[in-house]
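Q: Hi! Could you walk me through a bit of this structure with me?

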Amino acid sequence: MSEPKAPTPAPGDTYKGWLFKWTNYIKGYQRRWFVLSNGLLSYYRTQAEMGHTCRGTINLATANIAVEDSCNFVISNGGTQTYHLKASSEVERQRWITALELAKAKAFRMQAESDDSGDDSTPPAAGQGAGSRNSEVQSTLRTLGSKVEDLSTCNDLIAKHGSALQRSLSELEGVRLGGETSEKIRQVTERATLFRITSNAMINACRDFLALAQTHSKRWQKALQAEREQRVRLEETLEQLAKQHNHLERAFRGATVLPASQSNPAIDSKGPVSGKGDASDEDEENEFFDACEDVQEFITVPADPKYHRRSGSNVSGISSELGMDDGTTSLDEQSLASNPESPQSQELVPVRKRRTRIPDKPNYSLNLWSIMKNCIGKELSKIPMPVNFNEPLSMLQRLSEDLEYYELLDRAAKCQSSLEQMCYVAAFTVSSYSTTVHRTGKPFNPLLGETFELDRVQESGYRSLCEQVSHHPPAAAHHAISERGWTLRQEIALASKFRGKYLSIMPLGSIHCIFEKSTNHYTWKKVTTTVHNIIVGKLWIDQSGEIDVVNHKTGDRCHLKFAPYSYFSRDVARKVTGVVTDKDGKAHYVLSGTWDEKMEYSRVMQSSRGGENGADGRQKTVYQTLKAKELWRKTPLPEGAENMYYFSTLALTLNELEEGVAPTDSRRRPDQRLMEQGRWEEANAEKQRLEEKQRTVRREREREANRAASPSEEGKESADGAEEVEIASEPSETTYKSGHQDNYKSMWFEQLVDPVTGEPTHIYKGGYWEAKEQGNWDSCPDIF
């Protein structure tokens, strides 16, 4: 139903119209009739309800108005009432915002005037400092006036009774009495005269005080009036600033807005806004979360200008106390630019032209609830999922996408300082999450023994190999080596839990990065990935948790914090902060940015305790830093990515057919290939065939292991098998470290105890690339 557009509201006018109000996750946005009048915003289900049933009201004098996007805005009174509203168009939303801002300013002025004209003994409203001072001055003047009136009354009484006393004493002087009596009367007369003189002096002083108070009262009245006028001017200025801020915000959003398909899923889907309903809405099931804002662990402030002077030392010697200023090329960028082997300066021609498109994703409908209702509480790897939830890549290929921004490790390998190197390694850990922001599809679970190679030696100087080394619990080993002096290896097991509304994915295992030139050895772990709105709403992904990147050679450390998304936080979404410290705990760099866009670093010149208190009552650390500089920025997605599963340029090439790869390579998976081609029904059938084939092979492997064991060992193995079922139902870090349960011997990796972390892990034992050169794949199992 289309509604006629209301005219632009004028100050003081009543404004009415239809808006869509968020109710809950079941009903979503519902159409409501809103009326703005006398500083109050009320809403009704229909226009007919205006005469008898109001569904809710917010006083705009104390309300906050925030704009979310082109059509959405939020009104909250800071308490239990919060309205999440959506207009039919951006023009209509702007009309409402203008009307609400004008009504709020008017309501605020009326409330202030009411406080000033009311009882002065009543404390003024909070935040009205000028009104409070005016009321105090008025109260003081009234008190002084009252006391002066009391003094005037006393003056009249003293004069009256003093005159009567004088007359009585004069009459006594005319009476002839004895000598002693006459002397007493004379003394009384003298004392009465002294009292009269003193009283007159006091009365004259009181009159002078009254005149002085009246004179100053006029000055105070003028000062009070000036304060009132100044407050009105300030309110008008604030109103104008609010309008300008709104226009600037719109202009900024218009300049940086993404296409509709790439817009912020956390905003479009209303995923993070868990409590969008309010208690006043009728018969609606609302769900609220704590409106807690994520507390920053530290505060950064600009350093003293004395630090911003050019240093004559080597540009890479940033570890010195005052080695760098804003004009100095930092973090060895200068040496990289001048190095002929640098990827920035060397023009590389790829051996083959990689593909830039895949078939568009088909639009298949699916009843999600019919599949998910029996899966709550189960591990994700044990749920038979159709390919409708997948993307045409395997988990091994997704793991290889960690190398999307391999250039960061190339730069780190050139650094002379371990602290510089730590900054690049930390930025690399964050960059690996940038490809997940829109990727809500589930990768294919690799089959046991499945491999994936990524050979980019001639294009980028590195190559990597992944292998699925365990299926229960699922774990993949990854090894990458670069000609530019770094090696990356990791073994990742995914513990996942479906909780109804959201899915949590907890990666287990450590990531190792070793630099050949400096022999620096870094380790870190991954944070938790959460997929929201599994049942209702648009899927969106968040990363949250903390990462400690440790240099085991020097003791340097970088503590990174991924802040969970909160609608109520004033910080930017997907925020990441970090501090790089040496082995003594001294901070050298502060990192900041977002895991989906960019990371920056700031050189720490000085640190101290102070500022606001943290959540635990301790004072936060204040870092004085130089101007922030960019470490990493996300590469834009290719054109049409919204129709290609939001794949990056690298992801589009991962499933491209190549000659010479192992028969166990993920590119050879028939179900994955069929899905990429849009033949989802055939892909589902092929996926079930492969899974059943894998179960059959595993049962046969277990039977062979039991036949080879002694009777006593058979009983022990049976007990171990029962324990395996129990463990697999609840994956954990302890389960992962205790070893794998598949009785499978990896082709290209061997399980060893890591000498650095002490954890059992699979390390590449070699032979794959030699087998590829020879074309000898006889030892590879038949898994497809």
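Q: Strand β6, residues 72–76: is it mostly covered or open?
A: Mostly covered: 5 of its 5 residues are buried, where buried means under 20% relative accessible area with a 1.4 Å probe, protein chains only. Strands here are DSSP E runs of at least two residues, and helices are H or I runs of at least four, numbered from the N terminus. Bear in mind that this is a predicted model: local features need pLDDT of at least 70, side-chain atom pairs count only at pLDDT 80 or more, and totals for chains, interfaces and linings use all residues. Residues are numbered from 1 along each chain as its sequence is written, and side-chain values use heavy atoms, leaving out hydrogens and water.

Q: Which way do the β6 residues point?
A: Asn-72, Val-74 and Ser-76 point one way, Phe-73 and Ile-75 the other, and all are buried. In a regular strand, side chains alternate between the two faces of the sheet.

Q: What does β6 pair with on the β5 side, and how?
A: β5 (residues 64–67) runs antiparallel to β6, with 4 bridges joining them; pairing takes at least two DSSP bridges. The two form a hairpin with 4 residues between them, and Ala-66 stands opposite Val-74.

Q: And what about β7?
A: Strand β7 (residues 82–86) is also antiparallel to β6, through 5 bridges. There, Val-74 stands opposite His-84.

Q: New topic: which elements each supply at least two residues of the largest cavity's lining?
A: Those are α9 (418–431) and β14 (486–498). Lining residues have an atom within 4 Å of a cavity point, and a cavity is a set of points on a 1 Å grid over the protein atoms alone where a 1.4 Å probe fits but cannot get out. Among the lining residues are Phe-428, Leu-488 and Trp-524.

Terms used:
On a 1 Å grid over the protein atoms alone, a cavity is a set of points where a 1.4 Å probe fits but cannot get out, and a pocket is an open set with protein on both sides within 12 Å along at least five of seven lines; lining residues have an atom within 4 Å of a point. Buried means under 20% relative accessible area, exposed over 50%, partly exposed in between (1.4 Å probe, protein chains only).
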